[in-house]
Amino acid sequence: MIQLQNVEFGYDKNRKLFNGVNLQLEPGHMYGLLGRNGAGKTTLLKIMTGLLFPQSGDAFIDGEPAYKRTAQQMSDIYFLQEEIYVPHLKINQFEDAFAPFYPNFKHEQFVEYLREMEMNHMLGFIDKFSHGQKKKVMIAFALATNVPLLIMDEPTNGLDIPTKSIFRKMMAAYADEQKTVLISTHQVRDLYSLIDAVSIIDNGRMIFNAPCDVITEKLLFDRDNEITNKYKEEMEKEGKAEMVKEGKLYYTDETPRGVLQVKENVNHLDSSLDLELLFNASVLNKNEFTEMFK
């Protein structure tokens, strides 16, 4: 479990990147950390993993301060960073060098992940691979560690469209009730079928952290009022039109697909979560959404 308590941090002493960030990540969930470029997502991940120290507040891994980076903590966590550095090693040499640090590492899984991403035939040195090829090897290794806490920063950057689909399938198979997965990205469409909880950060603060089912319980994602109008028609047929309520409109976007809306779900209707709409609505309604999902 990851806990951040009132974390403050800034690279410039006169300007704080974070102001009192609180966050708790529980096992059994795959979290999506969303934020604009420059919002500090990568910095936050480094604080979680003990690579950076908060100027005030605390970061914990399973109740222990993250900055300690004990052997137990490091064997339980894998942080796949966006900027990949790999030594001058071949794939089998890389495995021999680093797999022993992770007691749950499975060689058979590593081989299978490489095969799924068409990297099993690569015999050269990893540092000579293309960025996308390096990313594939590191994703395969990260998943093969089977760590309880997996953190990935922009994992789909550099992947082609077919590999992104393979990545989503692999991640879906990886998740279980004992593992905590956090994926940071600004490419929200790459996560839509994976995550079951969302954390949104903007302008130095955590707007909210909530499970997807709680989000759709409180917010309605509609297109051209289709869901709302269908509900109205059903209630009118039953002679209950007066029971239909009008929820607050938080965000609207005119697209070729129609007018997309995020509204207060006062009628308790079912809708599909749209991460892009959610993020845009959250940025425009920070205080209300923070209170709503408190």
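Predicted model: local features only at pLDDT ≥ 70, side-chain atom pairs only at ≥ 80, totals over all residues.
Glu-82 sits in the loop that runs between strand E6 (77-80) and helix H3 (91-98). Leaving aside neighbours within four places in sequence, Glu-82 is in contact with His-131, Lys-135, Asp-153, Glu-154 and Asn-157, and with the side chain of Asn-157 the side chain of Glu-82 makes a polar contact at 2.7 Å. The C-alpha atoms of Glu-82 and Thr-42 are separated by 8.4 Å, although these residues are 40 apart along the chain.

Helix H3, at the end of that loop, has an axis that comes within 12 Å of the axis of helix H5 (residues 131-144), and the two cross at roughly 35°. This crossing of H3 and H5 is right-handed. Where the helices meet, Ile-91, Phe-94, Glu-95 and Phe-98 are the residues from H3, while Val-137, Met-138 and Phe-141 come from H5; by kind, the residues of this contact divide into six nonpolar, no polar and one charged.

The protein chain as a whole is described by these values.

| Property of the protein chain | Value |
|---|---|
| Helices and strands | ten helices and 13 strands |
| Span of the C-alpha trace along its principal axes | about 70 × 45 × 30 Å |
| Residues that count as buried | 49% of 294 residues |
| Contacts between residues at least 6 apart in sequence that join residues at least 24 apart | 68% |

The radius of gyration of the protein chain is 21 Å, which agrees with a compact globule, because with 294 residues such a globule would have a value near 19 Å.

Notes:
Residues numbered from 1 in each chain as written. Heavy atoms only, no water. Helix = DSSP H or I, 4+ residues; strand = E, 2+ residues; numbered from the N terminus. Contact = heavy atoms within 4.5 Å. Polar contact = N/O pair within 3.5 Å; in protein donor to acceptor, adjacent residues only side chain to side chain. Axes fitted to C-alpha atoms, helices over the stretch in contact; angles between N-to-C directions. Left-handed = near helix turned anticlockwise from the far one by under 90°. Nonpolar A, V, L, I, M, F, W, Y, C, P; charged D, E, K, R; others polar. Rg over C-alpha atoms; globule rule 2.2 N^0.38 Å. Buried < 20%, exposed > 50% of the residue type's maximum accessible area, 1.4 Å probe, protein only.
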